[in-house]
Each structure stands twice: as C-alpha cells, then as structure tokens.
Amino acid sequence: MTSLKSEFLQILSERDFIHQATDLEALDAKMSEGPISAYIGFDCTARSLHVGSLVQIMMLRWLQKTGHQPIVLMGGGTSKIGDPSGRDESRQLMTDEIIADNMAGIRTVFDRLLTFGEGKTDAVMVNNGEWLDTLQYIPFLRDIGTHFTINRMLTFDSVKLRLDREQPLTFLEFNYMILQAYDFMELGKRYGCALQMGGSDQWGNIVNGIELARRASSQHLFGLTTPLITTADGKKMGKTASGAVWLNEDHLPSYDYWQFWRNTQDADVGKFLRLFTELPLDEVRRLEALEGAEINDAKVILANAATALVRGEAAAITAEATAKETFEKGGAGADLPTVNLALSSLSSGINVVDLFIEAGLGGSKGEVRRLIKQGGAKLNDIKVEDETTTVTADLLQDGQIKLSAGKKRHAIVKAD
C-alpha cells in the first residue's frame with residue numbers, strides 16, 4: 001500500500017483494517033487537510049450488537065481519536081426491511097416499538113466507546129428513519145430509482161446468493177440497497193459526511209451510494225471496507241458453539257465475554273490484538289512472537305484489553321480474577337455465570353442434562369449428552385458419569401453447585 005499521510009488511514013493500514021477503498025489517495029489527502037465526518041450503519045435487529053460488528057466500531061473509535069467525526073447511523077428505517085446481505089432467508093419484520101427498544105440497547109455500547117456531544121469531532125447518532133419514514137414513494141422512484149439498473153443490481157452478492165440457492169428474495173428486500181445508497185447521499189447533504197465504512201460484504205452498497213450522490217447531487221464521496229474476519233481455522237469470527245458473542249452485558253456476562261478472548265487460537269492472537277485493542281504495535285509484535293505456554297500470557301492481555309474497552313476496566317479485572325480462582329485453585333469464582341433456582345426445584349430433583357441447558361452450558365440435550373459421554377461434564381469438579389443423574393439439594397456446597405463443561409466453561413447454580 002502506498003505511503004499514507006493521514007494518521008487515521010496510517011493506523012488502519014498498520015493494524016490491517018483496510019480491505020478495499022475508493023480513491024484511497026484522494027481520501028488520504030482530504031483527511032490530511034482537516035477533520036471529516038464518516039459513518040457506518042447498524043441495523044436494529046437485536047438489543048445488542050455482537051463481536052462481528054466490533055471491527056466497524058473500532059474504526060469509528062480510531063476515527064474520533066485521530067481528530068475526525070464519527071456518525072453512527074442507526075437503521076430505524078432500513079430495519080423495517082432487513083439487509084439481505086449474507087442471508088439465505090428474509091428477516092422477521094419488526095414493529096416500530098421493537099426497533100426503538102433495540103436502538104436504545106445498542107446505544108449503550110457506543111456510549112462507552114465514543115464521545116458524543118456538540119463539538120466538531122464529537123460523535124453523533126442518527127436514525128435513518130428521519131428521512132426514510134417520510135419518503136413519498138412515487139416521487140422517490142422518479143428521482144432516485146432512475147439511477148439504478150436491474151441488470152447491475154442482479155450482480156450483487158446479496159442478490160446472487162439468494163437466487164443461486166433458489167431462496168426467495170422479496171421485492172421489499174430488493175429495495176434495501178437503494179435505500180442504503182440514499183442514506184449516504186442524505187448524510188452527505190445533512191452532515192457533510194464524506195466517507196462510508198463497513199464490512200467487505202457492503203462494498204457494492206457503498207459504491208452505489210457514491211455513484212448516486214455523484215449523479216443526483218454532485219457530491220464526491222468515498223468508501224472503505226474491512227476484510228472478512230475469520231479465525232485461523234477458517235470460521236467466521238464471533239461465532240461459538242453456544243451462540244453469538246454479544247457486546248451488551250445483559251446479553252452475555254462479562255466473564256463469558258472475557259473467556260471468548262482468552263480462548264483465542266494461538267495463530268489469531270496478533271491479528272486480534274491489532275484489531276480489537278489499542279495496545280502499541282511494538283507490544284503487539286512482542287506478544288504475538290511468544291511461543292509455547294507463554295502465548296497464554298498474551299491471550300490474557302488480549303482478553304483484559306478487549307473486555308476493558310467494551311465492558312469497562314472493573315469487568316476485566318473481575319473476570320481475570322474469577323478465571324484464576326476457577327482454573328488455578330479449582331474454586332468457583334464470584335463472577336461466573338449464575339443460574340438461580342428455587343430450593344423446591346432441587347428438593348424434588350432436576351435432571352443433569354436439563355440443568356446444564358438451563359445454565360447455558362449446552363444448546364441441546366444431544367449436545368449435553370455427548371459432553372457427558374466424552375467425560376467433559378462435571379458437578380462440583382466431579383465427573384458426571386450418567387446422563388440420567390438427578391441433581392438434588394444434597395449437592396449444594398455453601399448454597400451453590402458448580403457446573404463445568406470441559407476445562408473452560410463453567411457456571412454456578414444457586415438455590416433461593
């Protein structure tokens with residue numbers, strides 16, 4: 001990559017955030033001249049984003065730290081359709097009330113990672129429902145629809161994926177790419193936004209917005225995407241056997257969030273330190289060069305830094321202390337995920353398989369049964385030998401029972 005002048009693009013390049021960019025040289029020159037505004041869009045499909053969105057959030061954070069203005073675009077309007085990118089089937093349509101509730105939940109993560117306010121580089125959160133909800137359909141089609149051809153839209157990956165797999169793509173979803181392009185043009189007009197960033201799957205949508213703005217309003221806009229982040233074994237980053245790795249505490253306890261980073265594969269430590277922490281690159285290079293048992297020290301540093309950013313310093317400290325208590329001393333750390341059961345439930349007894357599912361240590365009965373057969377399920381650090389075991393109040397130790405699924409996943413059952 002050519003030598004970059006702007007601090008923001010230098011950091012993104014050094015930390016491997018950049019996959020594609022439109023006219024990178026011109027964007028670099030523009031960002032070197034003074035602050036610009038840039039945005040990333042997030043649909044409100046749940047009350048929390050997950051780790052898969054963290055690369056984009058980190059870009060907004062670096063943008064602000066280097067003297068530019070981040071715009072967080074919430075898809076209050078587009079969430080009523082759903083982005084078809086990377087999906088085999090349509091999303092469930094949501095009500096305005098659900099979308100508003102999801103937006104409020106997502107805001108909590110950004111409040112920790114960005115500084116919002118009225119200053120020139122203070123972040124702003126914008127809802128695209130402001131302009132999409134009031135569009136008059138026929139005038140919109142006349143003014144905007146003429147800049148899009150069906151021929152080109154059919155070549156987009158989000159469309160081809162559905163058609164190739166013979167999955168239905170509704171006309172409603174087909175409009176999503178037009179509305180996203182319109183968002184970029186509107187943000188350019190309303191906020192002087194010059195740059196849209198996103199994952200590599202958004203490249204076509206971003207280019208659409210740039211071309212629409214050029215044709216319809218003579219704006220010169222830019223686009224930049226990140227690579228698809230995969231783990232060393234080729235899996236999509238952020239997916240685990242127990243589900244998505246949520247950013248919000250009320251969706252995933254901080255201990256589990258910390259453990260996700262602590263369990264990073266050796267080959268991914270350097271990449272994740274670059275992308276998901278703000279550690280100096282010299283320190284990153286030192287840590288990723290560690291070998292053998294020492295690489296585990298780097299993983300703890302990664303877990304602490306990544307958790308502190310999203311959940312706060314106190315959460316990271318508590319999670320590490322809990323891990324030490326659990327793994328090194330064989331105890332039951334105070335921050336382990338906890339399930340509260342009525343004492344009467346344990347008095348009458350509960351099947352061990354059901355209890356593991358209740359504690360979030362298995363997604364199905366079949367999964368827990370396999371865990372037991374493989375010797376990975378433990379009650380109070382004693383191996384569970386039989387899937388028909390009934391767990392009763394007799395197993396309570398100081399009012400609780402410790403469950404373990406393998407060496408790295410634990411939970412506490414407390415009786416009220």
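Me: When does a charge count as sitting over a ring, and which residue lies over the face of phenylalanine 116?
Reply: A charge sits over a ring if NZ of Lys or CZ of Arg is within 6 Å of the ring centre and within 35 degrees of the ring normal. Here arginine 107 lies over the face of phenylalanine 116, 4.1 Å from the ring centre. Arginine 311 is placed over the face of tyrosine 257, at 4.7 Å from the ring centre.

Me: What kind of model is this, and how are residues numbered?
Reply: The model is predicted: local features need pLDDT of at least 70, side-chain atom pairs count only at pLDDT 80 or more, and totals for chains, interfaces and linings use all residues. Residues are numbered from 1 along each chain as its sequence is written, and side-chain values use heavy atoms, leaving out hydrogens and water.

Me: How many aromatic pairs does a search of the whole structure find?
Reply: Rings of Phe, Tyr and Trp (its six-membered ring) pair if their centres lie within 6.5 Å; planes under 30 degrees apart count as stacked, over 60 as edge-to-face and the rest as tilted. The search finds eight pairs. For phenylalanine 140 and tyrosine 182, the ring centres are 5.2 Å apart and the planes at 90°, so this pair is edge-to-face.

Me: Are phenylalanine 140 and tyrosine 182 buried or exposed?
Reply: Buried means under 20% relative accessible area, exposed over 50%, partly exposed in between (1.4 Å probe, protein chains only). Both phenylalanine 140 and tyrosine 182 are buried.

Me: Which residues form the aromatic cluster?
Reply: Tyr257, Phe260, Trp261, Phe272 and Phe276 form one cluster. Within this group, phenylalanine 272 and phenylalanine 276 are both buried.
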